[in-house]
Every structure is written in C-alpha cells, then in structure tokens.
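Please keep the sequence and the model in view while reading.

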Amino acid sequence: MSDAERLFESLARAIIDADETAAVQLSETILAKGFDSAKAIERGISVGMEKVGDFFEKSEYFIPDLLDCAAVAERATAILRKGLAKEPVSRGKIVMGTIFGDTHDIGKNIVALFMEAAGYKVLDLGKDVSARRFIDAAVQWKADVLAISTLMTTTRGNIQNVIEQLRLDGKRESFLILIGGRAVTREFAQTIGADGYAENAAETIRLLDKF
Ligand code: B12
C-alpha cells in the first residue's frame, strides 16, 4: 500500500471514530504532501461515512454518533477542498441542492466540490429545497443542469415534482436533470424522466463531461 493510500485509509478510520484531531491532522498532511485531494475525499471521507452508515444500520451507531461523524467529515472536507485544482474555464452552470424534506448534505457537498474543481459553475441551494426554488433559481441563473440529491426513499418522489412542475411551466427542455444519492438509482431516474444518474462524485463528472 502506498503512503497516500495509507493516509486515505487512516482518514476513513478517523471519520468512523469521529476523531476530529486525527482527521484534521491527516487532511493537512495529505495537502502538505501534495497527494490527490479528490481521491482523499472519495476514499477517506465517502468511504468513512459509508461505514458509519453500515454501523447505523446494524444499530451499533445512533443519531448522535452520526452527527459527530458528519461534523468531522465536514471539517476534513473543508481542509481538503483547498487541494482540488480549479479549471479556469466554465464548462457550464449547475444548480444543485438536496430535495425538499431531506436534510442530508454531505454527499451533495462533495459532488458540488468535484463539479467546481472540474470547471463547472455551481449554485448550491443547500438542503430541503422546494421544486419552486429549484426552478426559479435555474431560470434566473440560466443554468444548464439541475442536479438534485436525496438519501431518503420518503423524499425521492419530491424530485418527480420538480420535473412535473418544469413540464407545467413549459421549461422541461431548458435543463438537463441529473439525480443522485442513496435513495435513487439509474432505473428510478429513467422512471421519473430525469436525464441522468450517477453513483458517486467521480462518476458525476464523467457523466457531465459526456452531456
Ligand atoms: C449521516 C447521516 C445522517 C446525518 C446527516 C448529516 C448531514 N449533514 O448530511 C443526520 C444524523 C443529520 C441524519 C438525519 C436523518 N437520517 Co440519515 N443517514 C446518514 C447516513 C448514515 C450517511 C449519509 C452520508 O453522509 N453518506 C456519505 C456520503 C458521502 O454519501 P452519499 O450521501 O450517498 O453521497 C454520494 C452519492 O450518493 C452521490 N450523490 C449524492 N448526492 C448526489 C446528487 C447528484 C446530483 C449526484 C449525481 C450524485 C450524488 O455522490 C456522493 C459522493 O460520492 C445514511 C446511511 C447511508 N448509508 O447512506 C443515513 C440515512 C440516509 N438516514 C436516514 C434517516 C431515516 C434519517 C432521519 C429521518 C433519521 C431520524 N429518524 O431522525 C433523519 C433525516 C431528517 C431529514 N428530514 O432529512 C435513512 C434513510 C432511509 C430512507 N427512508 O430511505 C438512512 C439510509 C439510514 C437508514 N438506513 O435508516 N442522517
């Protein structure tokens, strides 16, 4: 295992343990050594939070644990984002947010960072975003893409509301709609008439580049 991989794995461990001191130190070392920040975010933070999710599902972790781990993940992301190279030219405008009723935003924030690093302009509306806010922002900002996240099966239907409202407004063809998050799949994207689905941040960029 390379030095970089060892650090990414330790970072995942620090997220799982909600060890803020270790996560900050590891993230700073990754930056200082010039290791790939995008890989550190995927293999350290995303993988770490995935494991946290597994523990939650097995009832080994509870909501307060999730909150602690999420806070550490956010802290480490804030450090590592400094290492993401920025493409100077804008390759398109993306309005991003977590759908109405859902407040999960760690994955959405990571995807937004990857988009910015790849040269896209991102307007992040945050979490719990209504169909109307998504559409008004996309129209006013003249966006090319609407990117919508959701982690809950109970809220994924709200993404369909955005698409239906766009149709009612006669604007469905004005934007590409990209969806993601644990509660949705490629099949779900097809069913509701979205243009694309990506499983993680790296795949999101590959998909956007193809549009
Ligand atoms: C951390 C967490 C929380 C934290 C969130 C902190 C935060 N700021 O986000 C807290 C503790 C606040 C929380 C709250 C709740 N949670 Co929660 N949470 C999780 C957990 C454990 C991890 C989520 C996470 O951060 N993953 C890590 C990130 C990096 O991965 P990701 O989000 O999937 O994102 C990646 C991809 O999906 C993709 N992606 C994400 N968004 C997008 C968007 C686009 C456009 C694209 C292309 C790609 C993409 O790229 C990302 C990066 O690679 C999940 C379990 C799990 N395994 O997912 C449960 C989970 C999502 N939560 C769940 C629930 C039920 C809740 C609560 C209702 C709990 C409660 N009883 O109060 C509340 C929700 C309140 C609300 N209304 O929103 C359930 C949802 C079940 C369902 N109905 O489907 C889950 C699945 C746990 C479970 N098995 O029960 N939660």
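Where is the place of Ala18? Ala18 is in the loop between H1 and helix H2 (20–32).

## Basis of the report

This is a predicted model, in which local features need pLDDT of at least 70 and side-chain atom pairs count only at pLDDT 80 or more, while totals for chains, interfaces and linings use all residues. Residues are numbered from 1 along each chain as its sequence is written.

Ala18 is not a glycine, yet its phi is positive, at about 50°. Ala18 counts as buried, with 21 C-beta neighbours inside 10 Å. Burial is judged from C-beta atoms placed from the backbone: a residue is buried if 20 or more others lie within 10 Å of its own, exposed if 12 or fewer, and partly exposed in between.

Ser59 lies in the loop between H3 and H4. Ser59, also a residue other than glycine, has a positive phi near 60°. Ser59 counts as exposed, with 7 C-beta neighbours inside 10 Å.

## Domains and their contact

The domain assignment of the protein chain gives domain 1 (3–83) and domain 2 (93–210); such bounds come from an automatic or database assignment. Taken over C-alpha atoms, the centres of domain 1 and domain 2 are 25 Å apart.

On the domain 1 side, 11 residues are in contact with nine residues of domain 2, where contact requires C-beta atoms, placed from the backbone, to lie within 7 Å. H3 and helix H4 (63–80) each supply at least two residues of the side of domain 1 that touches domain 2. H3 gives the most to this side, with six residues. By class, the residues of this side are six nonpolar, two polar and three charged. In this division, Ala, Val, Leu, Ile, Met, Phe, Trp, Tyr, Cys and Pro count as nonpolar, Asp, Glu, Lys and Arg as charged, and the others, Gly among them, as polar.

## The nonpolar core

The largest nonpolar core has 60 residues, and those with the most contacts inside it are Leu11, Ile15 and Leu146. Domain 1 (3–83) and domain 2 (93–210) both give residues to this core, so it lies between them. A nonpolar core is a set of buried Ala, Val, Leu, Ile, Met, Phe, Trp, Tyr and Cys residues joined through C-beta atoms within 7 Å.

Apart from its neighbours within four places in sequence, Leu146 is in contact with Val95, Phe134, Ala138, Phe175 and Ile177.

## Helices H3 and H5

Helix H3 (residues 37–57) and helix H5 (residues 106–117) have axes that come within 11 Å and cross at roughly 170°. H3 is therefore roughly antiparallel to H5, a term for angles over 145 degrees. The axes are lines fitted to C-alpha atoms over the stretch in contact, and angles run from 0 to 180 degrees between N-to-C directions.

H3 contributes Ala38, Ile41, Ile45, Ser46 and Met49 to the contact, and H5 contributes Ile106, Ile110, Phe114 and Ala117. The contact of H3 with H5 has eight nonpolar, one polar and no charged residues.

Arg6 is found in helix H1 (residues 3–16) and counts as exposed, with 11 C-beta neighbours inside 10 Å. Arg6 and Gly44 are 38 residues apart along the chain, and their C-alpha atoms are separated by 9.9 Å.

Ile205 belongs to helix H9 (residues 201–210). Ile205 is partly exposed, with 19 other C-beta atoms within 10 Å. Leaving aside neighbours within four places in sequence, Ile205 is in contact with Phe114, Met115 and Ala118.

Note on methods. Contact = placed C-beta atoms within 7 Å. Helix = DSSP H or I, 4+ residues; strand = E, 2+ residues; numbered from the N terminus. Parallel < 35°, antiparallel > 145°, perpendicular 65-115°, else oblique.
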